[in-house]
Amino acid sequence: MPDVEMKPAEDKMSEEKKTEEQKPAPLSPVAEIKNNVALIDRAVTTLEPRFTHRVLRTLTALRKRVDDSVLRNAIEGIYNKDNSVKKSLLAWLPSAPVVDQSMDVDLSTKAPYAELVPEAEMYLRLLVLQHLLTSEETQEKALELANETVEKMQALNRRSMDAIAAKIWFAVDRAYELAGELSDARPLFLAAQRTASLRHDDEAHAALINCLLRSYINYNLYDQADKLVSKTTFPTSASNVQFARYHYYLGRIRAVQLNYTEAHTNLQQAIRRAPPAKTAPGFYQAVHKYFVVVELLMGDIPDRTLFRHPVLEKALNAYFEIVKAVRTGSLAQFQTTLSKHAAQFEEDNIYTLIIRLRQNVIKTGIRRLSLSYSRISLRDICVKLNLDSEEDAEYIVGKAIRDGVIEGRIVHEKGWMECGTQKNAYGPEVSEVFGRRIAFCLDLHNQSVKAMRYPLNAHRKELAAAEGAREREKELAKEIQDGDLDDDDLGGDF
């Protein structure tokens, strides 16, 4: 007999599931800004910085949805009519008709706030500054706003503003860079970096170090950038975004200094700590360009799947052709590719590193010849590698033998190279390779543990519960000793 009576109950269950699965509609930009201001006010009043960090995590997605009307309506909805802060903020925005926000359902932020903390004003200034930087017409106004914001921020001197100050410093650096006056901002950043270091303001300290490194590298002042790295200590409590930028700049410095192993390690750390590729595609592409070139300079060939990544496929097209030339050891193909994409390499500030790959191309060609021939004349090496003379071929082959690239010897009297047997793949260097891998895994584990977030003051609840349990045990023992408890009070187990 079919169970007909269960159908209405099943329909009710399905309707309940549908209502549970319905997600709330996303807030409008104006309502989101008001909620963020409320969270910042709550963070300052309750001394809980995690609310400020929660607001700053939404900054990247929010600034893409912000325009003049959104900022104007948010400022007018937050501050009272005759507020001086409101007038100063609206002065940086062009006049625009007010958009009707009656459709936004946000009962907690409809009425203007009576009095807001200065951190809320700095947050709104940050939003206005980032919005002005998106247009070339308002970049001069953005630089003026940046200088005024820095002066006001330094005059307030509040520790609860440190997290927002780190974001403001990066926006100030961007404003000076777009105005072409990045070198003029260096004294300002150096003074602020010293102040942040003395006050143990880790977020601002990390951001200012990255701004200074960016300024030095932009003007090819690698010696000064290296001195800054050696004289300062990057804060260990900085965010992953700041660590990613720091490792990227450090990798570029080490690559110029011919320290390719350390450069490869730093670039690898930058890739691991960077935001997802779709969130920050520009940074992801810039790091991988240097990563590919440094890996080639180390004598390794990058994985082919790297060039098939949807974010990297188009950006690394020229670098893929360089990789193919280095892999085949064809000097002619390398020179053709270099001249073809020279403009892109100069735009990426990586042309000088790619020029160094010429020796790697020659070494790869010599290695392939040593595997194919047991004995080959220097003249044939000149023809196959497109070298100028036999003297050049003899010098290059001798250097490759001395560096351990190939096994063999040069017979100068007869004018040929005799290739020896290849090295055994097992030896003392294997333990060094495993040691480096083990050290990397341990470092990754330690950094992952440090990056974990724990709820604040969670241990106090456990201490309170344990203390309450001890008090109850004392009361129970006292009552037992006094004889106030009988068998019924103790329970059946006793």
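## The R254–E262 pair

R254 and E262 form a salt bridge. Their closest N and O atoms are 3.2 Å apart. This comes from a predicted model.

R254 has a relative accessible area of 11%, so it counts as buried. E262 has a relative accessible area of 34%, so it counts as partly exposed. The cut-off for buried is under 20%.

## Salt bridges around E177

The structure holds 13 salt bridges. Side chains of opposite charge can pair when their charged atoms come close. E177 takes part in a salt bridge with R174 and in another with R214.

Take R174 first. Its salt bridge with E177 has closest N and O atoms 3.4 Å apart. Both residues sit in helix 9, which covers residues 162-178. They are about one helical turn apart, because three residues separate them in that helix. R174 is partly exposed, at 34% relative accessible area. E177 is also partly exposed, at 24%.

Now R214. The salt bridge between the side chains of E177 and R214 spans 2.8 Å, N to O. E177 lies in helix 9 and R214 in helix 11 (residues 202-218), so this pair ties together parts 37 residues apart in sequence. R214 is partly exposed, with a relative accessible area of 22%.

## A positive surface patch

Six residues need listing here. R304, R308, K324, R327, K340 and R368 form a positive surface patch. One of them, R368, lies in helix 20, which runs over residues 357-372.

Is R368 buried or partly exposed? R368 counts as partly exposed, because its relative accessibility is 46%. Patch residues must have over 30% relative accessible area and no salt bridge. R368 therefore passes the accessibility cut-off with its 46%.

## S69 and its polar contact

S69 belongs to helix 5, residues 68-78. The side chain of S69 makes a polar contact with the side chain of D67. The contact distance is 3.1 Å.

Note on methods. Residues are numbered from 1 along each chain as its sequence is written. This is a predicted model: local features need pLDDT of at least 70, side-chain atom pairs count only at pLDDT 80 or more; totals for chains, interfaces and linings use all residues. Side-chain values use heavy atoms; hydrogens and water are left out. Patches are made of residues with over 30% relative accessible area and no salt bridge: like charges are joined within 9 Å, nonpolar side chains (Val, Leu, Ile, Met, Phe, Trp, Tyr) within 5 Å. Accessible areas come from the Shrake-Rupley method with a 1.4 Å probe; for residues, only the protein chains shown count as cover. A salt bridge is a side-chain nitrogen of Lys or Arg within 4 Å of a carboxyl oxygen of Asp or Glu. Lys and Arg count as positive and Asp and Glu as negative; His and the chain ends are not counted. The place of a charge is taken as NZ of Lys, CZ of Arg, CG of Asp or CD of Glu. Helices (H or I, at least four residues) and strands (E, at least two) are DSSP runs, numbered from the N terminus. Buried means under 20% relative accessible area, exposed over 50%, partly exposed in between (1.4 Å probe, protein chains only). A polar contact is a pair of N or O atoms within 3.5 Å; within protein, one must be able to donate a hydrogen and the other to accept it, and residues adjacent in sequence count only if both atoms are side-chain atoms.
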